[in-house]
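Where does this protein leave open space, and which charged side chains pair up? Look at the structure first, then read on.

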Amino acid sequence: MDDIAVLFGLETATGQRGELSPIERLLNEFETHESREEASISHYKKILAMAPNPVIKFILQLIISDEEKHRAVIHAMINTLRGSMLWSKPEGALDGVADLGELNHQLRSVTEDLIALEKEGVRECKALVKESSGYYYGIFKILLESMIRDSEKHIELLEFLRERMGEA
């Protein structure tokens with residue numbers, strides 16, 4: 001049995017090469033999801049082209065933008081998995097996570113500032129939700145709550161960076 005193949009999930013621990021390894025199955029799932037994201041974006045763009053209303057167009061553009069970000073995220077994960085499997089560093093792979101701990105104190109400080117900025121943005125948006133909830137049939141409330149979720153995601157990502165940078 002090839003220990004390296006088992007280590008990277010290219011072969012099962014029982015030595016059966018006919019089955020897909022866990023990493024290959026995950027890669028297949030990511031690739032399937034990426035294809036679905038592509039189809040979704042295409043579908044939204046077709047609807048956008050026919051949309052007569054500026055509110056509908058605006059909302060569809062927001063959704064398309066998010067879907068394109070989702071596609072980019074999945075693509076980066078695919079490249080990362082492929083790179084690990086092939087011992088290569090494809091463009092767009094998420095390499096360097098292990099090196100985050102080596103970043104200097106100044107970068108850590110900036111990360112703290114960004115976290116504080118995002119948290120302040122969440123507080124402001126929550127206040128705006130209360131103030132604007134009755135306006136324009138609730139569209140402002142929905143958009144502001146969406147911005148809050150984005151900022152919460154940004155905080156989570158920045159906290160990940162902070163933790164990884166603190167491990168040095």
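## Pockets between helices

Helix 3 and helix 5 each supply at least two residues of the lining of the second largest pocket. Helices (H or I, at least four residues) and strands (E, at least two) are DSSP runs, numbered from the N terminus. This is a predicted model, where local features need pLDDT of at least 70, side-chain atom pairs count only at pLDDT 80 or more, and totals for chains, interfaces and linings use all residues. Residues are numbered from 1 along each chain as its sequence is written, and side-chain values use heavy atoms, with hydrogens and water left out.

The chain has 5 helices and 0 strands. From the N terminus, its elements run α-α-α-α-α. Of its 168 residues, 24% count as buried. Buried means under 20% relative accessible area, exposed means over 50%, and partly exposed lies in between (1.4 Å probe, protein chains only).

A pocket is an open set of points on a 1 Å grid over the protein atoms alone, where a 1.4 Å probe fits, with protein on both sides within 12 Å along at least five of seven lines; lining residues have an atom within 4 Å of a point. Grid points are joined across faces, edges and corners, and a volume is the space filled by probe spheres set on the points.

The second largest pocket holds about 220 Å³ of space. Its lining includes Ile59, Leu62, Asp66, Lys69, Ile142 and Asp150. By type, the lining splits into 7 nonpolar, 2 polar and 3 charged residues. Here Ala, Val, Leu, Ile, Met, Phe, Trp, Tyr, Cys and Pro count as nonpolar, Asp, Glu, Lys and Arg as charged, and the others, Gly among them, as polar.

The largest pocket has a volume of about 300 Å³. Its lining has 11 residues, and Lys69, His70, Val73, Lys153 and Leu157 lie nearest the centre. Helix 3 (54-86) and helix 5 (139-165) each supply at least two of the lining residues. Helix 5 gives the largest share, 5 residues. The lining of the largest pocket divides into 6 nonpolar, 1 polar and 4 charged residues.

## Charged pairs

Side chains of opposite charge can pair when their charged atoms come close. A salt bridge is a side-chain nitrogen of Lys or Arg within 4 Å of a carboxyl oxygen of Asp or Glu. By this rule there are 9 salt bridges. The table gives some of them.

| Pair | Closest N and O atoms |
|---|---|
| Arg82 and Glu31 | 2.2 Å |
| Asp66 and Lys69 | 3.2 Å |
| Arg162 and Glu112 | 3.4 Å |

Arg82 is partly exposed at 32% relative accessibility, and Glu31 is partly exposed at 24%.

Asp66 and Lys69 sit 3 residues apart in helix 3, so about one helical turn separates them. Asp66 is partly exposed, with a relative accessible area of 28%. Lys69 is also partly exposed, at 38%.

The salt bridge between Arg162 and Glu112 has its closest N and O atoms 3.4 Å apart. Arg162 lies in helix 5 and Glu112 in helix 4 (residues 105-132), so this pair ties together parts 50 residues apart in sequence. Salt bridges that share partners join Glu112, Glu159 and Arg162 into one network.
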